[in-house]
Amino acid sequence: MSIEPTNFTQASQSSHWRAAMKDEYDALTRNQTWSLVPATSCMNIVGCKWVFKVKRKADGSIEQYKARLVAKEFNQKEGFDYEETFSPVVKPATIRTILSLAVSYNWSLQQLDVRNAFLNGYLQE
């Protein structure tokens with residue numbers, strides 16, 4: 001059974017986790033989700049950390065090693081670092097409604113795993 005690392009140092013010792021971190025970094029670069037700018041004294045620098053998760057198949061075998069680079073949002077200051085927040089997540093009631101319709105109309109269903117969802121997210125900050 002593969003144990004999920006709790007920090008970069010642990011993860012960097014495994015080729016599986018290094019590959020997962022490279023995939024994440026490459027996706028962030030490819031999607032142009034950030035740009036490097038020189039820090040100034042008036043900036044509140046928001047750090048980041050790696051989060052690791054083993055995705056498993058129904059039989060318990062390992063399907064994928066996932067690594068995500070996430071911002072430490074708790075360091076942000078409302079009105080200074082951001083004005084509003086938005087998190088596009090599906091509500092359970094919506095899932096139940098879709099499943100109910102699929103059963104009622106005998107629709108076929110398919111599952112999709114979106115590796116990196118950056119949907120038209122151009123920010124000017």
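Visitor: What pattern does the chain follow when read along the sequence?
Guide: The order of elements along the sequence is α-α-β-β-α. That makes 3 helices and 2 strands in the chain. Helices (H or I, at least four residues) and strands (E, at least two) are DSSP runs, numbered from the N terminus. This is a predicted model, in which local features need pLDDT of at least 70 and side-chain atom pairs count only at pLDDT 80 or more, while totals for chains, interfaces and linings use all residues. Residues are numbered from 1 along each chain as its sequence is written, and side-chain values use heavy atoms, with hydrogens and water left out.

Visitor: How do the strands S1 and S2 pair?
Guide: Two strands count as paired if DSSP finds at least two bridges between them. Here S1 and S2 run in the antiparallel sense, with 9 bridges. Lys 49, for instance, stands opposite Val 70 in S2. Val 54 has Tyr 65 in S2 as its bridge partner. In a regular strand, side chains alternate between the two faces of the sheet.

Visitor: How many residues lie between the strands in the hairpin of S1 and S2?
Guide: There are 5 residues between the strands, and in this hairpin Gly 60 takes a positive phi near 95°.

Visitor: Which residue has a positive phi although it is not a glycine?
Guide: That residue is Asn 106, with a phi of about 55°. Asn 106 belongs to the segment after H3. Its relative accessible area is 71%, so Asn 106 is exposed. For these words the cut-offs are as follows: buried is under 20% relative accessible area, exposed is over 50%, and partly exposed is in between (1.4 Å probe, protein chains only).

Visitor: How much of the chain counts as buried?
Guide: Of its 125 residues, 13% count as buried. The accessible surface comes to about 11000 Å², and carbon and sulfur atoms account for 55% of that. Such areas come from the Shrake-Rupley method with a 1.4 Å probe; for residues, only the protein chains shown count as cover.

Visitor: Which residues make up the largest nonpolar core?
Guide: A nonpolar core is a set of buried Ala, Val, Leu, Ile, Met, Phe, Trp, Tyr and Cys residues joined through side-chain atoms within 4.5 Å. The largest one here has 9 residues: Ala 11, Trp 17, Ala 20, Met 21, Trp 50, Phe 52, Val 54, Tyr 65 and Ala 67. H2, S1 and S2 are the elements that give two or more residues to this core.

Visitor: How many salt bridges does a search of the whole structure find?
Guide: A salt bridge is a side-chain nitrogen of Lys or Arg within 4 Å of a carboxyl oxygen of Asp or Glu. The search finds 3 of them. In one, Lys 53 meets Glu 4 at 3.7 Å, N to O. Because Lys 53 lies in strand S1 (residues 48-56) and Glu 4 in the segment before helix H1 (8-11), this pair ties together parts 49 residues apart in sequence. Lys 53 is partly exposed at 43% relative accessibility, and Glu 4 is partly exposed at 28%.

Visitor: Which residue forms a salt bridge with Asp 26?
Guide: Lys 22 does, with the closest N and O atoms 2.7 Å apart. The two are 4 residues apart in helix H2 (residues 15-30), so about one helical turn separates Lys 22 and Asp 26.

Visitor: Which residue meets Glu 24 in a salt bridge?
Guide: The partner is Arg 68, at 2.7 Å, N to O. This pair links distant parts of the chain, with Glu 24 in helix H2 and Arg 68 in strand S2 (residues 62-71), 44 residues apart. Glu 24 is buried, at 5% relative accessibility, whereas Arg 68 is partly exposed at 27%.

Visitor: Which residues does Cys 48 touch, not counting residues up to four places away in sequence?
Guide: A contact means heavy atoms within 4.5 Å. Cys 48, found in strand S1, touches Leu 69, Val 70, Ala 71 and Lys 72 under that exclusion. The C-alpha atoms of Cys 48 and Val 70 are separated by 5.4 Å, although the two are 22 residues apart along the chain. Over the chain, among contacts between residues at least 6 apart in sequence, 55% join residues at least 24 apart.

Visitor: Which residues make a nonpolar surface patch of about 790 Å²?
Guide: Patches are made of residues with over 30% relative accessible area and no salt bridge: like charges are joined within 9 Å, nonpolar side chains (Val, Leu, Ile, Met, Phe, Trp, Tyr) within 5 Å. This patch consists of Val 90, Ile 95, Ile 98, Leu 99, Leu 101, Tyr 105, Trp 107 and Leu 109. Trp 107 lies in the segment after helix H3 (92-104).
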